[in-house]
Amino acid sequence: GTDEKLHIFAARANTRKQDLYQQFPSAKDRHAIDEFYRLQKDAERLSLLVFAGKLLSMQWLAKLLFKLGQWKYAHLWNKSGRDIFDRVFAETQLLGMSIMANIGDMGGKLRSNAALILYGLFGHYKYGGYFINGGPASVVRSMMPV
């Protein structure tokens, strides 16, 4: 390829809490935003328990971690994205659609996707993403012979 260097920059996500507060300033909206972020932190902890349970080779400890997750985070255990949407955004559906708009990008529907997966993706992209300057085509161009 060429000796051209690829520059990477961070793009700020528009799903940050402060941005949401500015876009949706009512008290109902703020309450829904706070609840969504609280559930997102719980989902991070639950996913850590589930991951550790899957990773460990000690079956009794894995079962204990699963039971702990099932007990402590019952409000997220076996819930779909639709369950969470209906619970948090019952009165603020426009806000809910704004926050959970990436579901279509994952392939699937709100009704069938696990809430833990949705929160995992939201947490992953919560602070933005990193993009190569020039877009994905610049990777291909840098690998092509001149």
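**Exercise 1. Work out whether Lys28 is buried or exposed, and find its salt-bridge partner.**

*Solution.* Start with accessibility: Lys28 has a relative accessible area of 51%. The classes are buried (under 20%), exposed (over 50%) and partly exposed (in between), using a 1.4 Å probe and protein chains only. Lys28 is therefore exposed.

A word on the model: it is predicted, so local features need pLDDT of at least 70 and side-chain atom pairs count only at pLDDT 80 or more, while totals for chains, interfaces and linings use all residues. Residues are numbered from 1 along each chain as its sequence is written, and side-chain values use heavy atoms, leaving out hydrogens and water.

Next, look for the partner. A salt bridge is a side-chain nitrogen of Lys or Arg within 4 Å of a carboxyl oxygen of Asp or Glu. Lys28 makes one with Glu91, where the closest N and O atoms are 3.7 Å apart. Lys28 sits in helix H2 and Glu91 in the loop between H4 and helix H5 (93-99), so this pair ties together parts 63 residues apart in sequence. Helices here are DSSP runs (H or I, at least four residues), numbered from the N terminus. Glu91 is exposed too, at 63%.

**Exercise 2. Find which residues form salt bridges with Arg38.**

*Solution.* Take one partner at a time. With Glu35, the closest N and O atoms are 2.9 Å apart; with Asp42, they are 3.1 Å apart. Now check the spacing in helix H2: Glu35 is 3 residues from Arg38, and Asp42 is 4 residues from Arg38, about one turn of the helix. Salt bridges that share partners join Glu35, Arg38, Asp42, Arg45 and Arg87 into one network. Here is a handy rule: an α-helix has 3.6 residues a turn, so residues three or four places apart point the same way.

Finally, compare accessibility. Arg38 is partly exposed at 37%, whereas Glu35 is buried at 17% and Asp42 is buried at 8%.

**Exercise 3. Decide where the buried residues of H3 lie around the helix.**

*Solution.* First list them: Ala62, Leu65 and Gly69. Viewed down the axis of H3, they fall within an arc of 65° (taken from the directions from the helix axis to the C-beta atoms), so they line one face of the helix. Then turn to the other side, where Gln59, Trp60, Lys63, Lys67 and Trp71 are exposed. Last, ask what covers the buried residues: helix H2 (27-55) is included, with contact meaning heavy atoms within 4.5 Å.

Notes
Helices (H or I, at least four residues) and strands (E, at least two) are DSSP runs, numbered from the N terminus.
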